[in-house]
Structures are given as C-alpha cells and as structure tokens.
Amino acid sequence: MAAADTFAFRGTFFHTPAYGQLEALRDAVLVVQDGMIARIANGSEEAAVRREFGLSHVRRLKEGQYFIPGFIDTHVHAPQYKFTGTGTDVPLMEWLKKYTFPAEGSFRDLDAAHHRYSLLVKRFLANGTTTAMYYGSLHLDPNTVLVDTIERLGQRAVVGKVNMDRHSPSDYIESTSEGLRDAEAFIRYTLDKKCSRIQPCITPRFIPTCTPELMKGLASLARQYGTHIQSHISECCGEVNCVRELHPEFASDTALFEQAGLLTPRTVMAHGTLLSDQDLRHLASRGTAVSHCPLSNFFLGDACFRVNHALSLGVKVGLGTDVAGGISPSMLTAQRMAVVNSRCLRAHKLAQSGGTTVTADMEVDVLGWREALWLATVGGAQALDLSHAVGTFAEGKEFDALLVDTGLGGTCGPFDVFPDESDEQRLEKFLQLGDDRNLAEVFVQGVCVKRGHVFEREAAAE
Ligand code: GUN
Ligand code: FE
C-alpha cells in the first residue's frame, strides 16, 4: 500500500536547470513522497513505478496542462501590500516618509495585521509565489502574525523583523537595544515553531535608518543563529547620497555593510542598481546575492540593474517584486519587467552610440523569457540558499510546483491558444500573457495549497 502522502503525476514538466536553457521533461512520471520528489521516470515505466511505490493511480495531466517550479520572490515588504498599486509619485526617501512608514506602523493593530497578512499570503500563493523573502515591520508582534499566517496557509518563506534606530519618524523607530532584543525574540519565535518551511532573517532596513552599532549587533545575531540577512543596497541616488553624507569614510554601501559583518553567503541585498564593478566583485567574493527588482527600480531607482553583467562577475541574482515599491504582487510581472529592463539597457547603449547600428556589445544585457524564468526559480533558490530543496524538478528536491493550465481559451483566460502551437510556445504565452487564472493548482512541499479558488490549508482548518 502506498502511504497517503505518496502520489504521482504523468505529463510534461518544464524547468530551467541552466541559465536561459529550458528543459522539458515530456511524458514523465513524477512521484511525490512526504513532500519530496522521490522519482522522475519515463512514462513508459509507469507500471513499474506504480508497483515500486504501491500506487493504484497516477494522475494524468490534461491537454494544455503542465508543471513548472514554483516562483521564488526574493524581496517583498509584507505590510506594504495594502497600498500596492498606489503612491508612485515621489522618490524613495520621500516615499518612505509619506506612504511607507505610516502604513507599516498601522500593523500594530494586530486584528488588522491578521486580516491584511491573510490577504497578502493568499494573493502571493494565487500568483504562484511558493517561496517569498519577506520584510515585516518594526514592531515585534505583527511579525509573529505574519509568520503564523504563512505557516497556516502553507507558503515557504524567509521572514525578517525590520530594524531601524535612526532617521525614522518618532512613532516608527526603536532604540538600538530594543531593536536587538526584538530581533532575537523574533528569531526565537520563528525557530520555536519548528516549521521547516519558515526561516527567520536579520533585517536592517537600509543604512540611512540603522546605526553602525545596530548593524554590528544584528550581524552578530545572524552569526549566532545562522540566519539569513536582508537589506537594501545602492538603490538610488537619494539613498546613496544620504549614506555618503552620513559616512564619508566609506567609499560605498558595500564597504559599510562589509565592515558591519553583514555580507555573508546567506545575505540578499535588494536593488544594487548603483553598485560599481568593485562592489559587485566584493559581493561575489562573499557569496552575497542581489535581489533584482526591475519594476521597483523603474519607479524608485535611478538606473537599470545589469543582470548578465552581475552574473558574469559571479554574483548570485534572484528576482523580486519589491511590493510596494514594485506595483505588482506577481512574479510573472517581475519576469516580464526583467526582460523590459534588459531591453532598456540595450536601447540606452544604442542611443549613446548616436547611430543606427546595433552591435553585439549592445545585446549583452538582453534577457529573454527563459532567462527570466531561471531568475524566478533557480536564481531565487540560489539567493536564498535553497538550491538543495527547490528551483528545479529533481529527485531529492521538494515538490514546490505550479500546475499551469493554458487550455482555458475563449473569454475565460487571459490569452488564446491555437492548435498549431507547441507546448513550449504555450509556456511562453503563459509567461508573457498569463495570470493567476492559469494556475490551476499550487503546491508547496508536496501539499496543494491552492486549487482553483480554494486555499486548501485554510479550508482544512475550518
Ligand atoms: N529602502 C529602505 N526601505 C525601503 C523600502 O521599503 N522599499 C524600497 N524599495 N527601498 C527601501
Ligand atoms: Fe524594498
């Protein structure tokens, strides 16, 4: 007899084991056992696989359906979800004061936090984000609500309590000692849950709002508990100039983070649009990743991040929505924006040349949808130190996957398909044109967390 938590699918599985290379596992049988991929075999071996795992049934995917790995969002501000899609009229430093700090502070109301975080996590799961690296807010308690919500709804996440002990509003600031105490309390709260899907993270907001003393104390907590670290680095002119004024003795954000001990193989730094090559090499030498947030960079950044260049220097790169600096809570949009961002770099080089000849040098920054899919899956897994668990379909990895249905057609779906298209073209259409309507089922650690309009774990708890 098969264990109740052993099941199998037969059909097509798309993933990107190498940057820009799409692999299709066609007519494959994939067995999930205890949340892990126990076997990937050819369809012709179905009978043997069924015997081996004691399976009476293998579910065949319908025409137009296939699996891809779940999306990994490496940079989300959970409390900012409430105002996503609004407040895009001012630069970063003003935006923080005008919209962000008041919105984040309002999460002290724990009933509101509970309601809003449920909507956030459901929205992200519905959009196919099986793993997210979240910033919470300053106050300890709403962050525990966020962790509880993620646990309840079944997402995989790295979550941090935001720390800020200077240059912040008087009602949205902590002392250095309170910040360190609450950061540790949050780590302990999260670890005590013993939920293998959720890991705590050290989160100095960014250099302007964190004293060197706080940053060093946080680095020491990260070492003590072996946690991830996340922050913002070289995001835009306003931020970089502010840091230069505060710390003229440091040549760059990177040098300052290095001195604080915050650059580790488990660190994810968001944006990085103004990083020099020297900075990028330094991040690479530390194993620190950059979360590329193209849509947010268009609004709040002042430059386009060069993904291919950073990768060529050995920097790990993942993709982020940066909700709410990024106005879309979907990693599909993030992938599309990564492609558009890369094409802006190309257009800029052509404009700079003053001519009408496109040279090979102008093409080096360009990404296509395959590269974007890699960033949203494998790149994110590398950035979050989760490559052993997620990002591709391989035996021994956990089953975090999206059942994509491109067969909706007509007026039901966001695009139309035609009989003469290949399944790869339909995947391309989904990535370029699709939305949550195309995600029939969402799996995290082998558990279906969303089917159609139902959040399965929530339904089970009721
Ligand atoms: N820098 C410091 N805080 C933030 C934030 O909330 N969003 C973005 N995009 N940049 C920041
Ligand atoms: Fe951010």
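What angles do the four donor atoms around the iron ion (ligand 2) subtend, and why is the arrangement irregular?

Mentor: This is a predicted model, in which local features need pLDDT of at least 70 and side-chain atom pairs count only at pLDDT 80 or more, while totals for chains, interfaces and linings use all residues. Residues are numbered from 1 along each chain as its sequence is written, chains are lettered from A and ligands numbered from 1 in the order in which they are written, and side-chain values use heavy atoms, with hydrogens and water left out.

The angles run from 85 to 177°, which makes the arrangement irregular. The rule is this: four donors count as tetrahedral if all angles lie between 85 and 135 degrees; four count as square planar and six as octahedral if opposite donors are over 155 degrees apart and all others between 65 and 115; anything else is irregular. For reference, the ideal angle for four tetrahedral donors is 109.5 degrees.

The protein donors of the iron ion (ligand 2) are NE2 of His-75, His-77 and His-232 and OD of Asp-322, at 2.1 to 2.3 Å. Donors here are N, O and S atoms within 2.8 Å of the metal (3.2 Å for Na, K and Ca); water is not among the atoms, so sites may look incomplete. Along the sequence the spacing of the donor residues is H-x1-H-x154-H-x89-D. His-77 and Asp-322 link distant parts of the chain, 245 residues apart. His-77 belongs to strand 6 (residues 71-77), and Asp-322 to the loop between strand 13 (316-319) and helix 12 (331-353). Helices (H or I, at least four residues) and strands (E, at least two) are DSSP runs, numbered from the N terminus.

His-77 and Asp-322 are both buried. Buried means under 20% relative accessible area, exposed over 50% and partly exposed in between, with a 1.4 Å probe and protein chains only. Strand 6 is mostly covered, with seven of its seven residues buried.

Strand 6 also runs parallel to strand 7 (residues 129-135), and five bridges join the two. Two strands pair if DSSP finds at least two bridges between them. Asp-73 has Ala-132 in strand 7 as its bridge partner.
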